[in-house]
Amino acid sequence: QTECLQNFKLVEVLMGSKQVQRMVLDDQELILNRLKDIRKTSIRQMNQTRFYIVENSKSIVRVNLFVGGLPPQLSPEEYTNILKDELAIKTNVVSVTHVYQAQGAVVLEISCFSEAERIYMLVKDTTVNDKPLNAVVIPEVMASKIPQNCCPLLVFVNPKSGGLKGRDLLYSFRKLLNPHQVFELTNGGPLPGFHTFSKVPSFRVLVCGGDGTVGWVLGALEEIRHKLVCSEPSVAILPLGTGNDLGRVLRWGAGYSGEDPYSILVSVDEADDVLMDRWTILLDAEEPAEGAENGVAEPEPPKIVQMNNYCGLGIDAELSLDFHHAREEEPGKFNSRFHNKGVYVKVGLQKISHTRNLHKDIKLQVDQHEVELPSIEGLIFINIPSWGSGADLWGSESDNRFEKPRIDDGLLEVVGVTGVVHMGQVQGGFRSGIRIAQGSYFRVTLLKPIPVQVDGEPWIQAPGQIIISAAGPKVHMLKKSKQKQKKTGS
């Protein structure tokens, strides 16, 4: 007991009208005697006096600074040398405590406020290999002080999603929660947040953004999972922007429309934990990328991307690509979900005359078996029962040939569309796609360059192989409970 008392001190605070006086009392001092003495001097002073028990701690300056944008896959020594050259760091007060080689990021511990401020300001104007660096001051979470039954929430907000709604939500969540729980994804991505929570034994994640933002956070989680004490946190979604197929499937809605942020936190707290498959797509081009001089260039190295929702080849990806280019040319016009859908309709109308010959340009193997393709213009692999902003591409009819689709069954569904008109009918709810296959391992051979999109990110893929297989462990997602939806509705 004596040892315990030595860890604390008794502090007397006098809160006067003009100043606050603070005094550490002797260990043997009795509060009652102190109050009697003060009362003899002044009753008013006695009413303004408070006593606090304070833990003894030495004041140590320790600023943790996350620095990203560095070249990946270097050793700690190489990162230290870059920081010495570019930022002139003083190694007597600055040390590299964590290295994230795959992401090209380090965490610095700085024992001097002025040095921390200097480095923070300098990072913002520094580029390494033509890539700008970024810096985030990160808090130190004392995991040992978190109660056992506590499961804090780590919030990621993409302020670029959903017009200005992302920015408003950032401010709202910083007011409702501890601001250190809320991270802005445009500053360093998801890694600073996951690093901050790396020692927390149990936590959940809320991602505020579109499906692309959710994929970004899940991808970062996959990369850093082995460094987290809580390696499988459950992830909730607050959908912003357009599309949001994953948000729809998990009952979070089509897009944020101004609900009270506090009620969103309550919904996250009451949500149900579900598992979801994720998929790895290996793109191995056999021909040089377009634009290579005289075709002499080496083929592109294999590219690996992760998929949560769906992967499209052909017309579906081509529409995404045209939309993507239109958005890059005039980004100011793409703030409204309705306008975005209008642009899709326009670019779709321009494609109606296409011939249905995608089946001649690709070959498909499902679980080592060749699959004959019908006359189609688009081939789509779907992991979740929502495509193209809420459409049911697979359809609800029972089919003896296939299992009923689920997001955690380790299977992907393969569907064909005959063209833009067919896609429009699917999105209108009048038709389904053409069911082609269901499986867990796919090999697609491209015989010519073909548009490809994964979770809404489109590009032209050179001829070669595409292999789709299950990625790592299933992820834990949070699905809004039906009970909560009814309560909100009433």
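Where is Asp130 found? I started my notebook with that, and the answer is the loop between β7 (127-128) and β8 (131-132). A reminder to myself before going on: this is a predicted model.

**Entry 1**

I looked up the backbone of Asp130 and found phi near 65°, a positive value in a residue other than glycine. Asp130 has 78% relative accessibility, so I put it down as exposed, the cut-off being over 50%.

I found Gln368 in the loop between β18 (362-366) and β19 (369-371). With a relative accessible area of 57%, Gln368 is exposed.

**Entry 1: the overall picture**

Next I stepped back to the whole chain. I noted 15 helices and 27 strands in the protein. Of its 490 residues, 46% count as buried. I also looked at contacts between residues at least 6 apart in sequence, and 73% of these join residues at least 24 apart.

How many of the 7 residues of strand β26 are buried? I noted 5 of them, in a strand that covers residues 464-470, so β26 is largely enclosed by the rest of the structure.

Then I looked up what β26 pairs with. Strand β15 (residues 279-285) runs antiparallel to β26, and 7 bridges join the two. Thr280 has Ser469 as its bridge partner in β26. Strand β23 (residues 441-446) also pairs with β26 in the antiparallel sense, over 6 bridges. Here I picked out Thr445, whose bridge partner in β26 is Gln465.

Asp455 made me stop for a while. I found Asp455 in the loop between β24 (450-454) and β25 (457-461). Asp455 is buried yet has no salt bridge. Which side chain of opposite charge is nearest to Asp455? That is Arg278, 6.8 Å away; a salt bridge would need the atoms within 4 Å.

I then checked what else surrounds Asp455. A polar atom of the Asp455 side chain lies 2.8 Å from the backbone nitrogen of Asn308. Leaving aside neighbours within four places in sequence, Asp455 is in contact with Gln306, Met307, Asn308, Asn309 and Tyr310.

**Entry 2: salt bridges**

A search of the whole structure gave me 13 salt bridges. I wrote up a few of them.

Arg118 forms a salt bridge with Glu115, and their closest N and O atoms are 3.0 Å apart. Both residues sit in helix α5 (residues 113-123), and because they are 3 residues apart there, about one helical turn separates them. Arg118 is partly exposed, at 29% relative accessibility, whereas Glu115 is buried, at 2%. I also found that Lys90, Glu115 and Arg118 are linked in a network of salt bridges.

The side chains of Glu184 and Arg167 meet in another salt bridge, at 3.3 Å from N to O. I noted Arg167 as partly exposed, at 29% relative accessibility.

One more for the page is Arg225 with Glu222, where the closest N and O atoms are 3.2 Å apart. Is Arg225 buried or exposed? At 11% relative accessibility, Arg225 counts as buried. Glu222 is partly exposed, with a relative accessible area of 23%.

**Entry 3: Pro179**

I looked up Pro179 as well, and found this residue in the loop between α6 and β11. Pro179 is partly exposed, with a relative accessible area of 44%. From Pro179 to Val155 I noted 9.6 Å in space, C-alpha to C-alpha, for residues 24 apart in sequence.

**Entry 4: cysteines**

Last, I turned to the cysteines. A disulfide is a covalent bond between the sulfur atoms of two cysteines. With a cut-off of 2.5 Å between sulfur atoms, I counted 0 disulfides. Cys112 is partly exposed, at 25% relative accessibility, whereas Cys208 is buried, at 0%.

Methods
Residues are numbered from 1 along each chain as its sequence is written. This is a predicted model: local features need pLDDT of at least 70, side-chain atom pairs count only at pLDDT 80 or more; totals for chains, interfaces and linings use all residues. Side-chain values use heavy atoms; hydrogens and water are left out. Buried means under 20% relative accessible area, exposed over 50%, partly exposed in between (1.4 Å probe, protein chains only). Helices (H or I, at least four residues) and strands (E, at least two) are DSSP runs, numbered from the N terminus. Lys and Arg count as positive and Asp and Glu as negative; His and the chain ends are not counted. A polar contact is a pair of N or O atoms within 3.5 Å; within protein, one must be able to donate a hydrogen and the other to accept it, and residues adjacent in sequence count only if both atoms are side-chain atoms. Contact means heavy atoms within 4.5 Å. Two strands pair if DSSP finds at least two bridges between them.
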